[in-house]
Amino acid sequence: MQEDEKKKKNRFIIIIIFCLLFLGVGGFLIKKAVSGGQSAEELLVSGEEYLENKDYENAITKFNKVIDKDSTNERAYLASAQAYTKLDKLSEAVDVLQKGVKEIPSSTKLASELDKAIYEKEREPLAKTAKSILAEIAALAKADNYEGAFDLMQTDEYDNVIALAVQLKYPYILETASGKIGVYEVDSPLYNNHMLYFGDYSEDDVRDGAGTWFAYSDEICYRGVSAWVGGKPNGYAEVKLWFSTELTDKQWSLFKGTVIDGVWDGDATYLIENEDKTITTYNIGFDAGKYRVLYTRDYSGGKRYIVSESVGNANMRLVLVDGTVDDIHGFIGFGKLGYSGS
């Protein structure tokens, strides 16, 4: 009798344990179902994949779910703000970072990103105008319409681009539908101390690959086409200068040669369109950016050998072999390819 009672008691205990286990597993499964079956870490990884693939809306949805599950997940706040910024939703980026700072007051990274987001929001009107103009210039550069690009660079709206780049302390790089374009600081008052680059970039936004380096001024328009390696022009390059913004009607000059880390080196060719629309070709050369004894020039009465020396940063003085000065031949030098190390 006692043994039967003992068996009943043991069965009762087993049933209770089984029920508790069932409730526990059931509760876990219910919780998983409600959460979509993903942990906070799984949601975060999924959101980061969407972010990498530029699917910003879905990325934000995932990051918000992470925050709902774990309000102290720093990565989720930072990634969500990044996605909002990519969508030009700066107010939302500020909001999510403010929430993050409130939940994780010890996070210096969240505080720093919040300061940046507030700053970006305050200058949003300037940024929108600048982005619009740069996107138009990038589209024209892609179509090889530099006359159109130079026209835009003469507008008041383009001044917003420079103002924004100055605030950012250069370079200002924008990803557009036509490709990436950047504004860089250069030591050249002629071009208002800045030039544009349109072309290939590395993942960390260093100029790398095929690119065009160009600038506008009231006197001269500049376009340099070359390969870039590690942020500097390297390899074959062509630099064309127009002595007015009306590119189709005005004289031009063209350099063709090799550059190493932005400096002309080795044999090169220089062509210049004369006032009568004829073209004179010079065979020239450089040693690490310095002019050698350069070229022959055709005259109606034959040829005379000419050497040259640089005058200032960008001028060339033509000197005959007997030592007499021929003339100042402006802006054909450019020992450096208008290069900015920024």
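Colleague: Is E52 buried or exposed?

Modeller: This is a predicted model, and the reading rests on relative accessibility. A residue counts as exposed over 50%. E52 has 66% relative accessibility and therefore counts as exposed. E52 is placed in helix α2, which covers residues 40–52.

Colleague: Which residues gather with E52 in a patch of negative charge on the surface?

Modeller: The patch brings together E49, E52, D200, E203, D204 and D208.

Colleague: Let us turn to salt bridges. How many salt bridges does the count come to?

Modeller: A salt bridge requires a side-chain nitrogen of Lys or Arg within 4 Å of a carboxyl oxygen of Asp or Glu. By this rule, the count comes to nine. One of them joins the side chains of E175 and K54, with an N to O distance of 2.7 Å. E175 belongs to strand β1 (residues 172–176) and K54 to the loop between α2 and α3 (56–69), so this pair ties together parts that are 121 residues apart in sequence. E175 counts as partly exposed because its relative accessibility is 47%, and K54 counts as partly exposed at 49%.

Colleague: Which residue meets E57 in a salt bridge?

Modeller: The side chain of E57 meets that of K89, at 3.5 Å from N to O. Since E57 lies in helix α3 and K89 in the loop between α4 (74–86) and α5 (90–103), the pair ties together parts 32 residues apart in sequence. E57 is partly exposed at 44% relative accessibility, and K89 is partly exposed with a relative accessible area of 30%.

Colleague: What salt bridge does D144 form?

Modeller: D144 forms a salt bridge with R223, and their closest N and O atoms are 3.4 Å apart. The pair links distant parts of the chain, 79 residues apart: D144 is in the loop between α7 (124–142) and α8 (146–152), and R223 is in strand β5, residues 221–229. D144 is exposed, with a relative accessible area of 52%, whereas R223 is buried at 18%.

Colleague: Which residues are linked in a network of salt bridges?

Modeller: E41, E48 and R75 are linked in such a network.

Note on methods. Residues numbered from 1 in each chain as written. Predicted model: local features only at pLDDT ≥ 70, side-chain atom pairs only at ≥ 80, totals over all residues. Heavy atoms only, no water. Patch = residues over 30% accessible without salt bridge, like charges linked within 9 Å, V, L, I, M, F, W, Y side chains within 5 Å. Areas by Shrake-Rupley, 256 points an atom, 1.4 Å probe, with all protein chains shown as cover. Lys, Arg positive; Asp, Glu negative; His and termini not counted. Charge placed at Lys NZ, Arg CZ, Asp CG, Glu CD. Helix = DSSP H or I, 4+ residues; strand = E, 2+ residues; numbered from the N terminus. Buried < 20%, exposed > 50% of the residue type's maximum accessible area, 1.4 Å probe, protein only.
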